[in-house]
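Biologist: Please show me the model, and then I will ask how each label was reached.

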Amino acid sequence: MERALAAKSSADAWAALEPLRTRLLEDRDLAVAWVALLQASSSATHLVTDARAVAERWPDDAALVAAAATALVRQADKD
């Protein structure tokens, strides 16, 4: 995950995070980084699915749910 945080482009960050996808709903820190990258990416694959899954996994984590919602709103604004 350190590679993703240090990446200079969203493509590089996704390349670093994608292998960790299987842990997305097990690791809150990974979910936070994933959702932050969803917010920053203009065409993230599986954005709706991933944002919804993270929000449903941690429904009592207001900051994480809000970040997931922000990613969805930003994507909707682009469409």
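Modeller: This is a predicted model.

Biologist: How do you know that the length of helix α3 agrees with its number of residues?

Modeller: Helix α3 covers residues 28–40, which is 13 residues, and at 1.5 Å a residue it should span 18 Å. The C-alpha atoms at its ends are 18 Å apart, so the two values agree.

Biologist: Which residues of α3 are buried, and what covers them?

Modeller: Leu30, Ala31, Ala33, Trp34, Val35, Leu37, Leu38 and Gln39 are buried in α3. The cover over the buried residues of α3 includes α2 (10–17), α4 (47–57) and α5 (62–78).

Biologist: How do α3 and α4 cross?

Modeller: Their axes come within 11 Å and cross at roughly 145°. The crossing of α3 and α4 is left-handed. On the α3 side, the contact is made by Ala31, Trp34, Val35 and Leu38; on the α4 side, by Leu47, Asp50, Ala51 and Val54.

Biologist: What kinds of residue form that contact of α3 with α4?

Modeller: Seven are nonpolar, none is polar and one is charged. Asp counts as charged, and Asp50 of α4 is among the residues of the contact.

Biologist: Why is Glu18 called partly exposed?

Modeller: Glu18 has 36% relative accessibility. Buried would need under 20% and exposed over 50%, so Glu18 falls in between and counts as partly exposed. Glu18 is found in the loop between α2 and α3. The C-alpha atoms of Glu18 and Trp34 are separated by 9.2 Å, and these residues are 16 residues apart along the chain.

Biologist: Why is Asp61 called buried?

Modeller: The relative accessible area of Asp61 is 16%. The cut-off for buried is under 20%, therefore Asp61 is buried. Asp61 is found in the loop between α4 and α5.

Biologist: What makes the pairing of Asp61 with Arg28 a polar contact?

Modeller: The side chains of Asp61 and Arg28 make a polar contact at 2.4 Å, and the limit for such a pair of N or O atoms is within 3.5 Å.

Note on methods. Residues numbered from 1 in each chain as written. Predicted model: local features only at pLDDT ≥ 70, side-chain atom pairs only at ≥ 80, totals over all residues. Heavy atoms only, no water. Helix = DSSP H or I, 4+ residues; strand = E, 2+ residues; numbered from the N terminus. Expected span 1.5 Å × (residues − 1). Buried < 20%, exposed > 50% of the residue type's maximum accessible area, 1.4 Å probe, protein only. Contact = heavy atoms within 4.5 Å. Axes fitted to C-alpha atoms, helices over the stretch in contact; angles between N-to-C directions. Left-handed = near helix turned anticlockwise from the far one by under 90°. Polar contact = N/O pair within 3.5 Å; in protein donor to acceptor, adjacent residues only side chain to side chain.
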